[in-house]
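Visitor: Please take one part and look at it closely: the contact. Give the cut-offs as you go.

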Number of protein chains: 2
Amino acid sequence: MAKCVILLSGGMDSATVLAQVRDAGHQCYALSFDYGQRHSAELAAAQQLADTAGVAEHRVIRIDLGQLGGSALTDTQISVPDSGGEGIPVTYVPARNTVFLSYGLAWAEVLEADAIYAGINAIDYSGYPDCRPEYVQAFQQMANLATKRAVEGHPVEICTPLIGMSKQQIIEAGLQLGVDYSATVSCYRADANGAACGHCDACRLRKEGFTAAGVADPTRYLVE
Amino acid sequence: MAKCVILLSGGMDSATVLAQVRDAGHQCYALSFDYGQRHSAELAAAQQLADTAGVAEHRVIRIDLGQLGGSALTDTQISVPDSGGEGIPVTYVPARNTVFLSYGLAWAEVLEADAIYAGINAIDYSGYPDCRPEYVQAFQQMANLATKRAVEGHPVEICTPLIGMSKQQIIEAGLQLGVDYSATVSCYRADANGAACGHCDACRLRKEGFTAAGVADPTRYLVE
């Protein structure tokens, strides 16, 4: 039984990872971030998921990425667009995964944890540079040199089990483990109760995933 | 003229780096962290140094490393020892430089900055894994893959000009640039006014530096 830090956003990917780590019999330490994201209903979802999974501990760390700006997810001056568009989307948050994994690294060292799990996914979010396997490998190399525990012979493993999976595959894997996707929030413009807009990139990818998996979409959408 | 983010703790190393970057004619964006450190007089020193240098902007980001614990600098349950001791000291803060540089990376991307400067020093702090050149190189490799700007052909350079210098060399370089070291705070147990204990590792290294440089130590010490 390993001790694992799981970055838990409250979205479907990290909910699936939490279920996988729990199913493997490991001890789960869930870490969420209040980073000024518009879709703060995510955090309520993360709390519910952590409670349901019976994690050993759930921490929510408040961080100031919103103060730095530069993203439609944290800066109210930039609108979240409907789905579509070329290149790296405006919903990209500068260095977000690097900041999140760094906090994961700090907590993992204090806990003497063996691994950090993150629901990073390269297929659907190919526009985000910090969702690619080569990025995760480089973070691992850096982490191997960064901490007292690593230097003493106990490096922490950075695990991204969903990195090569499609949304369909993620949903299928999660349903087999009993993940309740109605308790997850993906929408970039979700309201305070977690109801989804149905139109942003995150909603589109999620909808397509349920369709491809051939299961009913349990998402609550805003009535327009 | 380049745009540079400078991690400014308020200690003598980062004060020297700020003076170097300013002397080179670059635009300075100073970034400090309120991370629950005991020696918060550091932050007042950082503010004063930033004002004196006339930086383009100075941001103080409040971060929750103290909540994660594991260090004498942030956890009041662990005492800061007097100087001496073997191995990695209890004043080591888990993954601190990784978290700090990650925020630097985020702000550098928003600012479209060319470089991030940090007063990391390998000689005097050989006990800290995240102060070694191989760590900084690995962070650079990771940063080259982490951000939208890097992927678009504008990687940010991680610069640690003091990494191979002794405290004596740092003090000599700083004095040539007019750094007022009486305005810096190094002590791990400094009081609210920045007066130093004179006995912790940070004080000892600083004292030895002034002695080796053959200049008067301008530090204000606590009267015992």
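Guide: Two residues count as in contact if their C-beta atoms, placed from the backbone, lie within 7 Å. With that cut-off, 100% of the interface residues of chain A are also interface residues in chain B, so the copies meet through the same surface. This is a predicted model, in which local features need pLDDT of at least 70, side-chain atom pairs count only at pLDDT 80 or more, and totals for chains, interfaces and linings use all residues. Residues are numbered from 1 along each chain as its sequence is written, while chains are lettered from A and ligands numbered from 1 in the order in which they are written.

Start with the overall relation. Chain A superposes on chain B by a rotation of 180 degrees, with 0.0 Å of shift along the axis and an RMSD of 0.0 Å. The two copies are thus related as by a two-fold rotation axis.

Now the contact itself. Chain A puts in 37 residues, and chain B puts in 37 residues. On the side of chain A that touches chain B, at least two residues each come from strand 3 (57–62), helix 3 (65–68), helix 4 (96–111), helix 5 (133–146) and helix 6 (148–151). These elements are DSSP runs numbered from the N terminus: helices are H or I with at least four residues, strands are E with at least two. Helix 4 of chain A gives the most, with nine residues. By class, this side of chain A has 23 nonpolar, seven polar and seven charged residues. Here Ala, Val, Leu, Ile, Met, Phe, Trp, Tyr, Cys and Pro are nonpolar; Asp, Glu, Lys and Arg are charged; the others, Gly among them, are polar.

A helix's expected span is 1.5 Å times one less than its number of residues. For the 16 residues of helix 4 of chain A that should be 22 Å, and the end C-alpha atoms are 23 Å apart, which agrees. A residue is buried if 20 or more other C-beta atoms lie within 10 Å of its own, exposed if 12 or fewer, and partly exposed in between, with C-beta atoms placed from the backbone. In helix 4 of chain A, 15 of the 16 residues are buried, so the helix is largely enclosed by the rest of the structure. Just after this helix, A:Glu112 takes a positive phi of about 55 degrees.

Methods. Copies are superposed by least squares on the C-alpha atoms of residues with pLDDT of at least 70 in both.
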